[in-house]
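Biologist: Could you walk me through this model, one question at a time?

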Amino acid sequence: MAVTNIIRRTASQVVPLAARVICRTQSYRHRSSALLSTVVNRSAASRNFFRSSAPSTLHFYSTKRPSSDESLLKVLRSEIQCVEESDVQDEVDEAPEGFPFKIEDHPGQQTITLTREYQGESITVEVHMPDLVTGDEDDNGDDPDNEGGNQSQIPLVVRVSKKNGPSLEFGITSFADEIAIDTLLIKDPNVAEDQIAYEGPDFTDLDENLQKAFHKYLEIRGIKPSTTNFLHEYMINKDGREYKMWLKNLKKFIEA
């Protein structure tokens, strides 16, 4: 009987202990599971937070063109279309019969170059884009016969060289049927560029007969109104071609 009571008391003590151990284990597992679930949820929340707050790599390195570029392209396309539709000018590709110079025209360049040989001399002419010249500021332009209104001019640099010797360099402005000599320099190839050579007086300050003689000097070498009038038309057409090419190159760059 005593043994039986001892066993019962021991069992009554052991069973609750085992039950407490099991409950503690279950509680621990539950807390561990809850803690793990909390950690996982918080980790997921953190990832979602950073995804929403930090810019993604895909967005950061996006190749999508900005809206401002699209607007620029739209304007460029419109301008190119306008230029092409309004380009009704006649192309001047070939020089007229008797034109004394060879023309070197490279697309994309601001100037063209004319060359020729004349009685042992090498003549080079650098022709620039035309400039628009307006009338005097006090001229209201009411007179339709006023020739001092808007007109274009083309600057030229004419170099006349002889073998192994100095050269003459004329700065010229060409108007319709008129050639004006602005400057006249003597260039010596043996003089260093950093040395300042005497440039002579202003051309318009020279004796009138001397001025006329130099105009004649240029005329017999091919610098005359018939030549410059053709160059005037040629350079106006070149200006239009270069402008259209410039617009297309801009468009190609923005689209790239």
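Modeller: Gladly! Helices (H or I, at least four residues) and strands (E, at least two) are DSSP runs, numbered from the N terminus. This is a predicted model, in which local features need pLDDT of at least 70 and side-chain atom pairs count only at pLDDT 80 or more, while totals for chains, interfaces and linings use all residues. Residues are numbered from 1 along each chain as its sequence is written, and side-chain values use heavy atoms, with hydrogens and water left out.

Biologist: How many helices and strands does the protein chain have?

Modeller: From the N terminus on, the order of elements is α-α-α-β-β-β-β-β-β-β-α-α. The secondary structure therefore comes to 5 helices and 7 strands.

Biologist: What share of the residues is buried?

Modeller: Buried means under 20% relative accessible area, exposed means over 50%, and partly exposed lies in between (1.4 Å probe, protein chains only). The protein chain has 256 residues, and the buried share of them is 23%.

Biologist: How are H3 and H5 oriented to each other, parallel or antiparallel?

Modeller: Axes are lines fitted to C-alpha atoms, for helices over the stretch in contact, and angles run from 0 to 180 degrees between N-to-C directions. The axes of H3 (residues 67–86) and H5 (residues 225–255) come within 10 Å and cross at roughly 155°. Angles under 35 degrees count as roughly parallel, over 145 as roughly antiparallel, 65 to 115 as roughly perpendicular and the rest as oblique. H3 and H5 are therefore roughly antiparallel.

Biologist: Which classes of residue make the contact of H3 with H5?

Modeller: Contact means heavy atoms within 4.5 Å. Among the contributors are Leu72, Leu76 and Ile80 of H3, and Leu247, Leu250 and Ile254 of H5. Ala, Val, Leu, Ile, Met, Phe, Trp, Tyr, Cys and Pro count as nonpolar, Asp, Glu, Lys and Arg as charged, and the others, Gly among them, as polar. By class, the contact has 9 nonpolar, no polar and 8 charged residues.

Biologist: Which residue forms a salt bridge with Glu255?

Modeller: A salt bridge is a side-chain nitrogen of Lys or Arg within 4 Å of a carboxyl oxygen of Asp or Glu. For Glu255 in H5, the partner is in H3, 178 residues apart. With the closest N and O atoms 3.4 Å apart, the partner is Arg77.

Biologist: What separates Glu208 and Lys212 along helix H4?

Modeller: Glu208 and Lys212 form a salt bridge, with the closest N and O atoms 3.8 Å apart, and both residues are exposed. Being 4 residues apart in H4 (residues 208–219), they are separated by about one helical turn.

Biologist: Which residues do salt bridges with shared partners join into one network?

Modeller: The count comes to 10 salt bridges. Those that share partners join four residues into one network: Asp105, Lys238, Arg241 and Glu242.

Biologist: What phi does Asp177 have?

Modeller: Asp177 is found in the loop between E6 and E7. With a relative accessible area of 58%, Asp177 is exposed. Although Asp177 is not a glycine, its phi is positive, at about 60°.

Biologist: Where is Gln119?

Modeller: Gln119 is another non-glycine residue with a positive phi, near 45°. At 70% relative accessibility, Gln119 counts as exposed. Its place is the loop between E2 (112–118) and E3 (121–127).

Biologist: How far apart are the C-alpha atoms of Phe101 and Gly222?

Modeller: Phe101 lies in the loop between H3 and E1 (102–104) and is buried, at 7% relative accessible area. Leaving aside residues up to four places away in sequence, Phe101 touches several residues, including Leu114, Ile123, Val125 and Gly222. Phe101 and Gly222 are 121 residues apart along the chain, and the separation of their C-alpha atoms is 7.9 Å.
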